[in-house]
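Here are my notes on the model, as numbered points. Please read them with the structure open.

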There are 2 protein chains.
Amino acid sequence: MAPVYKLTYFPVKALAEPTRFLLKYGGLEFEDERFEREQWPQIKPTMPFGQVPVLSAKGKQYHQSIAMARFFAKQVKLVGSDEWEDLEIDSMVDTVNDLRQKIAVYSYEQDAAIKESRKGPLMNETLPYYLERLDKIAKENNGHLACGKLTWADFYFVALLDYLNYMTESDLTAKYENLEAVKNNVLSIPAIKEWVETRPKSDL
Amino acid sequence: MAPVYKLTYFPVKALAEPTRFLLKYGGLEFEDERFEREQWPQIKPTMPFGQVPVLSAKGKQYHQSIAMARFFAKQVKLVGSDEWEDLEIDSMVDTVNDLRQKIAVYSYEQDAAIKESRKGPLMNETLPYYLERLDKIAKENNGHLACGKLTWADFYFVALLDYLNYMTESDLTAKYENLEAVKNNVLSIPAIKEWVETRPKSDL
């Protein structure tokens, strides 16, 4: 029988990886459809808002990577125990996404001079600003980003980390011991460990 | 007794207005704290990631405007009836937020030449691309953005609309009859109608 879920994306980790982590964590079967960059011009018009990842399920297409991660987090029970916890988790996920977008504005800039002008402020101001605050939160939450326990906020951050490191050409968490703890808490989960060891190799 | 909720923001609609709509819809009491722009340098360091709106409740500060809107949407029962509906709602909310960000990249650009260079692509490509697709979705959902019924995705879009119109100096929904229907479906709700008539006046 065909899997219930198909996840369509470029052959990279990036925005699809949080959802892949959650699917693997829950042992949920899915088709991990990876297309080559040359195929994108043909595929793009078939996607709801011209973007991927897209989740296909029940004959429909669902886009927006955070929405689909939240959907699977509910299924694998990595959401909060009440609406207050979910508020805390959701706010951390959107904060990590803010950080991701601030990095992307630098990393994806095509004009070399503009890109260079953005490097200093990103590296010397934005990254320390976010990472220091996230590290403090991780300390207060005992190696987690929210609610003092393992939630999909941890998965979201750790699954995106390779992509964030790739874009910044750095190891963002190296100097932050509590963020290292968040990372280790996720990567030491057997199902995640196995996935990371066996997943298709990609730079980002 | 002091209200349970305090919402702190600039004296504008913008990112706080979806949450204000939801609070008003549910008849939930809250302190609508609006500070002047001159106060921002003093206030900014007291906010979790240097951003507002911030929700104060239970002695804690919660940031991220979409996270707080979702929190109140649960309370006032404008979320989906199951996780599939919530996936659809969440994906529409994040899509409207994508549109908001694409507009902001143009609107907040300080360099006049760069801003002008972004105007054509935004007005002639990005806006029609998003609005045509959102209008089609609104048609399929009978004057709503998700699940064929009133949800907080409608509230999120309509409450942001003044801000989006301000940034683009246009009436974004004028040509799109199904998005006009979404707007009317929200603005005709008595509690929302009353709030819109009595709320503090602001450009954005």
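Which residues of chain A does the UniProt annotation "domain: GST N-terminal" cover?

1. Annotation. The record, an unreviewed UniProt entry, places "domain: GST N-terminal" on residues 3-80 of chain A. UniProt positions follow the numbering used here, feature names are shortened, and annotations may be inferred rather than shown by experiment. Over residues 3-80, chain A is 31% helix and 23% strand. The end C-alpha atoms of that stretch are 27 Å apart. Helices (H or I, at least four residues) and strands (E, at least two) are DSSP runs, numbered from the N terminus.

2. Ground rules. This is a predicted model: local features need pLDDT of at least 70, side-chain atom pairs count only at pLDDT 80 or more, and totals for chains, interfaces and linings use all residues. Residues are numbered from 1 along each chain as its sequence is written, chains are lettered from A and ligands numbered from 1 in the order in which they are written, and side-chain values use heavy atoms, with hydrogens and water left out.

3. Interface size. The area buried between chain B and chain A is about 3200 Å². Carbon and sulfur atoms give 60% of that area. Phe49(B), Trp84(B) and Leu87(B) supply 24% of what chain B buries against chain A, more than any other three residues. Buried area is the accessible area (1.4 Å probe) that two parts lose on being put together, summed over both. By contact (heavy atoms within 4.5 Å), 37 residues of chain B meet 37 residues of chain A.

4. On the side of chain B that touches chain A, α4(B) gives the most, with twelve residues.

5. Salt bridges between chains. The rule (a side-chain nitrogen of Lys or Arg within 4 Å of a carboxyl oxygen of Asp or Glu) finds six across the interface of chain B and chain A. One of them pairs Lys60(A) with Glu88(B), closest N and O atoms 3.4 Å apart. Lys74(B) and Asp86(A) form another, at 3.5 Å. Lys74(B) is in helix α3 of chain B and Asp86(A) in helix α4 of chain A, so this pair joins two chains. Over all chains the count is 32.

6. A network in chain A. Lys13(A), Glu17(A), Arg20(A), Asp32(A), Arg34(A), Asp162(A) and Arg199(A) are linked by salt bridges. Asp162(A) meets Lys13(A) at 3.7 Å, N to O. Asp162(A) lies in helix α6 and Lys13(A) in the loop between β1 and α1, so the pair ties together parts 149 residues apart in sequence. Asp162(A) also bridges to Arg199(A), at 2.9 Å. Buried means under 20% relative accessible area, exposed over 50%, partly exposed in between (1.4 Å probe, protein chains only). Asp162(A) is partly exposed at 31%, while Lys13(A) is buried at 7% and Arg199(A) is buried at 11%.

7. Helix α7 of chain B. Asn178(B) sits in this helix, residues 177-187. Asn178(B) is buried, at 16%. Not counting residues up to four places away in sequence, Asn178(B) touches Asp135(B), Ala138(B), Lys139(B) and Gly143(B). Ala181(B) is also in α7, and is partly exposed at 27%.
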